[in-house]
Every structure is written in C-alpha cells, then in structure tokens.
Amino acid sequence: MTSLSTIAPILQQQAIELPSWAFGNSGTRFKVFGSPGTPRDPFEKIADAAQVHKHTGLAPKVALHIPWDVVDSYADLRKHAEDHGVGLGTVNSNTFQDDAYKLGSVTHSDPAIRQKAIDHHFRCIDVMDETGSRDLKIWLADGTNYPGQDDIRARQDRLAESLAAIYARLGDDQRMVLEYKFFEPAFYHTDVPDWGTSYAHTVALGEKAYVCLDTGHHAPGTNIEFIVAQLLRLGKLGSFDFNSRFYADDDLIVGAADPFQLFRIIAEVVRGGGLNNPDVAFMLDQCHNIEKKIPGQIRSVLNVQEMTARALLIDREALSAAQAAGDVLGANGILMDAFYTDVRPALAEWRESRGLPADPMAAYAASGYQEKIEADRVGGTQAGWGA
Ligand code: PSV
Ligand code: MN
C-alpha cells in the first residue's frame with residue numbers, strides 16, 4: 001500500500017474554499033440561535049475564515065454571497081483578505097430572498113422580473129471584476145409548488161435565455177457554475193433539479209459553464225460518486241459544495257454523516273483527474289447552527305483532507321488488476337483497505353513537519369481567538385443567514 005510520504009506532495013496542494021456565510025448565524029425555520037463572537041460584517045467573517053487557514057493550511061479562499069456580503073469597497077475587502085493571508089473566491093448570486101421572486105427569478109413569466117434577476121447577476125460579475133474572483137455560482141430557488149401552476153417547458157426556455165444573457169457578460173477568465181437541487185424551497189418541481197438539467201444548460205451555454213455539485217442536494221440513496229465520475233468524464237464538473245445530510249439539505253459538517261460516502265466521492269475525483277485540478281473547485285457550503293463556527297469549519301476541512309488521503313492510498317494498480325481479473329471481493333477489499341486506514345497520526349506528524357499544528361482543533365482552542373472575538377464583538381447586528 002502507498003504510504004503518506006508518497007502522497008504528501010499531492011495533499012500539500014489541496015485547497016478548500018470556505019463559505020463566508022458559515023461564520024454567520026444560521027438555523028432552521030424554527031429558530032436561528034445567536035452566538036457570542038459572531039461577525040457583524042463581511043470583514044469579520046473573513047478574519048474568522050483566515051483562522052481556519054492559519055491552523056490547517058487548507059483554506060486559502062473565502063466565497064462571498066451577494067447581497068449578504070455587500071460592502072462599499074471590494075478593493076478594501078480584497079486587501080483585508082490578503083492582509084489576513086487569504087483571498088476572495090467564488091461569488092454566489094442570490095435571487096431567493098426578494099419578494100419579487102416569489103414565483104421565480106430568471107424563469108419568471110414576467111420579463112421585468114427576469115431582467116431584475118439577470119441584472120443581479122451582472123452586479124455579481126461586477127463584484128467578481130473587483131475581487132478578482134473567477135467563478136459565478138448560480139443556485140436558483142425557482143420552481144413551482146402545484147402541478148399546473150406554471151408551464152414547466154416554458155420555464156426551461158426562459159431559463160436558457162436568461163442564463164445565456166448572464167453568460168455573455170462573463171469575462172474571458174471567468175466561469176459560471178450552475179448548481180442543482182432536487183427540491184426546496186419549491187416542492188412540486190424545481191427548474192434545475194438534477195445534474196442532467198444543469199449539464200444540458202451548461203453544454204448549451206459553452207465552455208465557460210460548468211456544473212456545481214452540492215453533496216446535500218440529492219435524494220436519499222443517490223449514488224453521488226457516479227455523478228462525479230460522469231461529470232468528470234464529460235469535462236463539466238466545475239465545483240463542489242461539500243456538506244453532509246441525514247435527511248434533506250441539512251448543510252452539516254462534511255464527512256460527519258457518512259465519511260464512507262465522502263471517501264467514495266473523493267476516490268472518483270482522484271480517478272477522474274479532478275483532484276488539485278483548477279477546473280474543479282472544492283468548496284464548503286455549510287451552516288453551523290449549534291456548534292461553534294470556526295471549529296466547525298476546521299473540522300470540515302480536516303475531514304476532507306483525511307478522506308482525500310485515504311482515497312489517495314487506494315492501491316490503484318492492484319485494484320485495476322483485481323477488476324480486470326473479475327475478482328469482485330478482491331477489488332472491493334482493496335478499496336476498503338484504503339478506507340479503513342487511520343491516516344490521522346501520520347497527517348498530524350506531517351502537519352507538524354510543515355510548521356502547522358499537529359492538532360488544528362486543539363491549536364485553535366488554545367489560541368485565545370474565540371475568547372477574544374466573544375469579548376470584542378459586542379453590539380452591532382450579528383451576521384446571519386440572509387445578511
Ligand atoms: C441552496 O440550498 C444552497 O446550497 C446554495 O448553494 C446557496 O447559495 C446556499 O445553499 C445558501 O446557503
Ligand atoms: Mn450549495
């Protein structure tokens with residue numbers, strides 16, 4: 001079996017983008033709990049995100065959500081991020097919190113509302129120009145709640161037209177990633193429910209359009225690693241929104257609900273050439289409703305690193321030989337050997353050898369940062385999912 005020293009150079013390149021909104025308060029439709037030390041603005045969110053990178057070396061970029069992260073000067077925000085040792089990443093558009101979008105945004109039957117949604121995306125591209133971000137990530141809440149409510153086919157046509165208008169605005173080095181989700185907030189039909197729909201639209205748009213795969217956006221039992229393999233094969237996997245789910249779109253810590261699924265997904269990423277491939281952005285899309293947010297993000301990136309290490313330990317040569325020989329249980333055993341390898345002690349040692357803490361969770365807890373933000377951030381309005 002391959003050892004950690006062999007895979008270390010690959011692990012060293014790993015970069016996972018953090019969502020700015022993970023540092024704000026979040027919750028369910030029942031309650032959003034406040035928590036001491038929560039950032040009051042995008043600058044404080046970025047300072048917190050920088051802590052994750054500082055202790056893990058894994059998270060050099062922070063994704064923004066517009067309008068949650070609207071600031072007067074993106075040049076200042078960019079400088080602030082750089083001063084904290086991180087950069088600004090993907091810009092997420094938001095056409096799901098304005099009353100005008102009750103019946104849809106870019107798919108709405110009213111051309112004025114469609115234009116309003118398109119204009120919002122133009123504004124996001126303006127932000128990208130200032131932050132130096134490459135990716136515009138589009139997730140649409142569009143859909144219907146009742147059969148017959150609207151014309152499903154017409155909405156697809158309007159979607160295609162609106163996306164084309166947004167796509168045409170992208171700069172040469174910018175990309176669009178189109179995220180799918182099978183339900184919620186719409187419950188009867190969703191306009192971009194699955195990877196196939198996202199793929200069909202991105203192919204029609206062109207080579208700067210890719211699919212974003214949010215691991216929480218699938219029906220129970222869906223074989224997500226198959227989708228990963230297929231999209232990589234088609235050259236259209238643009239990004240991941242990692243999180244984990246027990247029931248619906250739970251947005252919990254990646255690898256918490258089903259580490260084996262995360263391993264299988266990353267194994268297909270490795271197999272398909274998607275690891276450390278700039279075309280495939282690794283991002284988190286999570287909410288920390290009851291746990292502390294910075295340690296929640298630290299644990300998340302470590303989970304991704306750990307499962308990446310295990311996936312890299314798969315003895316590919318032996319696996320191919322077993323597969324070619326039709327050795328069903330032998331092949332399965334080779335995969336499981338890698339999955340069951342406890343890489344944590346070796347990763348801790350390796351981290352130390354690079355000047356990082358062996359145990360980033362403990363290092364953060366001992367750093368005093370949490371106590372400091374809890375003492376300092378008094379007054380003001382805490383950022384929340386939606387601000
Ligand atoms: C929608 O559920 C989603 O996954 C999209 O990526 C949004 O931008 C994000 O969640 C908001 O938390
Ligand atoms: Mn997402």
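Is F183 buried, exposed or partly exposed, and what is its relative accessible area? In this predicted model, F183 comes out as partly exposed, because its relative accessible area is 23%, which falls between the 20% and 50% cut-offs. F187 is another story: at 56% relative accessibility, F187 goes down as exposed, since anything over 50% is put in that class.

Counting up ring pairs gives 14 of them. For F183 and F187, the ring centres sit 6.0 Å apart and the planes meet at 45°, so the pair is tilted.

As for the surface, W195 has a relative accessible area of 23% and so is partly exposed. Y199 likewise counts as partly exposed, with 23% relative accessibility.

Elsewhere, aromatic rings join up into a group. W21, W68, F96 and W139 form a cluster, held together in the sense that ring pairs link them.

Y210 brings in charged side chains. R175 lies over the face of the Y210 ring, 4.4 Å from its centre. K236 also lies over the face of Y210, in this case at 5.4 Å from the ring centre.

The structure has 1 cavity of 30 Å³ or more. The largest cavity holds about 60 Å³ of space. Its lining is made up of T215, F242, N243, S244, V254, G255, D258, Q261, L262 and I265. Sorted by class, that lining has 4 nonpolar, 5 polar and 1 charged residues. D258 is among the lining residues, and it supplies the charged one, because Asp is classed as charged. G255, also in the lining, goes with the polar residues, because Gly is put in that class. Which helix gives the most to the lining of the largest cavity? Helix α8, made of residues 259-271, does so, with 3 residues.

Terms used:
Residues numbered from 1 in each chain as written. Chains lettered and ligands numbered in written order. Predicted model: local features only at pLDDT ≥ 70, side-chain atom pairs only at ≥ 80, totals over all residues. Heavy atoms only, no water. 1 Å grid on protein atoms, 1.4 Å probe; cavity = no way out; pocket = protein on both sides within 12 Å on 5 of 7 lines; lining within 4 Å. Points joined across faces, edges and corners; volume = space filled by probe spheres on them. Helix = DSSP H or I, 4+ residues; strand = E, 2+ residues; numbered from the N terminus. Phe/Tyr/Trp six-rings, centres within 6.5 Å; stacked < 30°, edge-to-face > 60°. Buried < 20%, exposed > 50% of the residue type's maximum accessible area, 1.4 Å probe, protein only. Lys NZ or Arg CZ within 6 Å of the ring centre and 35° of its normal.
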